[in-house]
Amino acid sequence: MMRLAALLLTGAGAPAMIVIDEAATVREEPPPHGAIGMSTAYRISDSIPAPRSFEFRKRALHVGAAIGLHPIDHDEIYYVLSGTGVVHSDGTEKELKAGMAAWLYSGATVGIRQTGADPLVLIIAYPNKASH
């Protein structure tokens, strides 16, 4: 990490890469936007020093959990790794399962809830506020 800081401060160019083990980012917490149920959060992009252009997260919504409805001012992607759920965008709902993605548009009110017997495991990506 010291070498990364030195490269950023000296303007010697971008570092080649940063590798993050998700195990170092995990925590149990209620999901955002309403604290509906519980989830396992992998705040992967939090390990990247600012400024960063986007956020990249993994979240497992436990049975009955949901990311509550909230307005977004950026495009956002929910990609399902496992489990099933229902995604909401401005009054429209669609079922999602492993291998499916929902591209959500700026200006919409969105959310997603876990359905079925197994946790809903998602990758969530969106631009960092500083970049848009």
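This is a predicted model: local features need pLDDT of at least 70, side-chain atom pairs count only at pLDDT 80 or more; totals for chains, interfaces and linings use all residues.
1. The largest share, 4 residues, comes from β3.

2. How big is this pocket, and what sits around its centre? The volume of the largest pocket is about 370 Å³. It is lined by 22 residues, and the closest to its centre are Pro32, His33, Arg57, Glu76 and Tyr126. By kind, the lining divides into 10 nonpolar, 4 polar and 8 charged residues.

3. Histidine 33 belongs to the loop between β1 (26-29) and β2. Its phi is near 65 degrees, which is a positive value in a residue other than glycine. Is histidine 33 buried, exposed or partly exposed? With a relative accessibility of 42%, histidine 33 counts as partly exposed, because that value falls between the 20% and 50% cut-offs.

4. Another residue to check in that loop is alanine 35, also placed between β1 and β2. Here too phi is positive in a residue other than glycine, with a value near 50 degrees. Alanine 35 has a relative accessible area of 48%, so it is partly exposed.

5. Proline 51 lies in the loop that runs between β2 and β3.

6. Now for the overall layout. The protein chain has 1 helix and 10 strands. Of the contacts between residues at least 6 apart in sequence, 59% join residues that are at least 24 apart.

7. What about the inside and the surface? Among the 132 residues of the protein chain, 36% are buried. The chain exposes about 7,600 Å², and carbon and sulfur atoms supply 61% of that area.

8. In soluble globular proteins, nonpolar side chains tend to be buried together. In this model, the largest nonpolar core holds 16 residues, and those touching the most other members are Leu61, Ile67, Tyr78, Val87, Leu104, Ile112 and Leu122. Four strands each supply at least two residues of this core: β5 (76-82), β8 (101-104), β9 (109-115) and β10 (120-127). Which strand gives the most to this core? That is β10, with 3 residues.

9. Setting aside residues up to four places away in sequence, leucine 61 touches Pro31, Met38, Ser39, Ala66, Ile67, Ile112, Gln114, Pro119, Leu120 and Leu122. Two of these partners, Ile67 and Leu122, are also listed with Leu61 among the core residues that touch the most other members.

10. Finally, where is glycine 107? Glycine 107 sits in the loop between β8 and β9. Its relative accessible area is 59%, so glycine 107 is exposed. Beyond its neighbours within four places in sequence, glycine 107 is in contact with Ile72 and Asp90. From C-alpha to C-alpha, glycine 107 and serine 89 are 9.9 Å apart in space, and they are 18 residues apart in sequence.

Key
Residues are numbered from 1 along each chain as its sequence is written. Side-chain values use heavy atoms; hydrogens and water are left out. A nonpolar core is a set of buried Ala, Val, Leu, Ile, Met, Phe, Trp, Tyr and Cys residues joined through side-chain atoms within 4.5 Å. Buried means under 20% relative accessible area, exposed over 50%, partly exposed in between (1.4 Å probe, protein chains only). Contact means heavy atoms within 4.5 Å. Accessible areas come from the Shrake-Rupley method with a 1.4 Å probe; for residues, only the protein chains shown count as cover. On a 1 Å grid over the protein atoms alone, a cavity is a set of points where a 1.4 Å probe fits but cannot get out, and a pocket is an open set with protein on both sides within 12 Å along at least five of seven lines; lining residues have an atom within 4 Å of a point. Grid points are joined across faces, edges and corners, and a volume is the space filled by probe spheres set on the points. Ala, Val, Leu, Ile, Met, Phe, Trp, Tyr, Cys and Pro count as nonpolar, Asp, Glu, Lys and Arg as charged, and the others, Gly among them, as polar.
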